[in-house]
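Please look over the sequence and the structure shown below before reading on. The briefing that follows takes up a few parts in turn, grouped by topic.

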Amino acid sequence: MPQQYNRRKFLGSGLKGMLVAGIATASIPELLSSCATSKKTIVTTFKTGMAQQPLPYAFSALEDVIDTQTMDIHYNRHAAGYSKNLIEAASAEGVSSETSMEDLLPNISRYTTKMRNNAGGHYNHELFWKCMRPKREQNAPTGTLLAAIENTFGSFEQFKLQFANAASGRFGSGWAWLYMNNAKTLMIGSTPNQDNPLMNVSEIKGTPLLGLDVWEHAYYLKYQNKRADYIAHWWKVVNWDYVSQRYTALMS
Ligand code: MN3
């Protein structure tokens, strides 16, 4: 059985068992709070700070799906700029530099357009880099994430088709997402510019599991106007292990 299922089962039966047996030494609120703490610990793994983190692989690691020069410019110019401008905006608008994107983005309507664009840009790129790894010809999710994708979208192929449609159908610049809505259902959608589903101003709302950058700066050197080719090749570099970790943490 998947590890997460066992953990949930253990927490559930453990709590119930103690209550039924009447041997609980802690109060119910204390027990619930200890469960909440363990959940928070997992989710905290995915908190995103304001500083740009090191790229988890070399600029050349995603060849020949994403070329070295594109990765270098994308990481060192575009993404670095979002982080820098976010830190500037936070300082100007009285937001602590310790604030995570996961805490800031749901309240983004309180702040300036500079904050919205750069907080979104920073979060989206930090996630994007982690969602990729060196290419694999046969690349697909496994386990509980694969089962959830099949249950929700019919098949992995159907999922890829719907996701690619969201990515190619985004007019101008933006992102395509696999995200989990607040009812814990997997969803596909897209957002304009540097918006994302964590933002309270977004039409689609939830927590991103996988994001694809469809700004021209992400693909133009290699693919020029052929966004569909970029999307089709991109599946080979998706880091399904990381996406699966995010899915498992959100489901716990
Ligand atoms: Mn980009």
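Where is Ser 100 found? Ser 100 is found in the loop between H3 and helix H4 (101-104), where helices (H or I, at least four residues) and strands (E, at least two) are DSSP runs numbered from the N terminus. This is a predicted model, in which local features need pLDDT of at least 70 and side-chain atom pairs count only at pLDDT 80 or more, while totals for chains, interfaces and linings use all residues. Residues are numbered from 1 along each chain as its sequence is written, and side-chain values use heavy atoms, with hydrogens and water left out.

**The loop residue**

- Ser 100 is buried, with a relative accessible area of 7%; buried means under 20% relative accessible area, exposed over 50% and partly exposed in between, with a 1.4 Å probe and protein chains only.
- Not counting residues up to four places away in sequence, Ser 100 touches Lys 47 and Thr 48, a contact being heavy atoms within 4.5 Å.

**The manganese site**

- His 74 (NE2), His 125 (NE2), Asp 213 (OD) and His 217 (NE2) coordinate the manganese ion at 2.0 to 2.2 Å; donors are N, O and S atoms within 2.8 Å of the metal (3.2 Å for Na, K and Ca), and since water is not among the atoms, sites may look incomplete.
- Because His 74 lies in helix H3 (residues 68-92) and His 125 in helix H5 (residues 113-130), the pair ties together parts that are 51 residues apart in sequence.
- Both His 74 and His 125 are buried.

- In helix H6 (residues 143-153), the buried residues are Leu 145, Ala 148, Ile 149 and Phe 153.
- These residues cover an arc of only 100° around the axis, which puts them on the same side of H6, the arc being that of the directions from the helix axis to the C-beta atoms.
- Gly 143 and Asn 151, on the other side of H6, are exposed.
- The buried residues of H6 pack against helix H7 (156-169), strand S1 (174-180), strand S2 (186-192) and helix H10 (240-251).

**Helices H7 and H9**

- The axes of H7 and helix H9 (residues 227-234) come within 10 Å and cross at roughly 145°, with axes taken as lines fitted to C-alpha atoms, for helices over the stretch in contact, and angles running from 0 to 180 degrees between N-to-C directions.
- Phe 163, Ala 164, Ala 167 and Ser 168 of H7 make the contact with Arg 227, Ile 231 and Trp 234 of H9.
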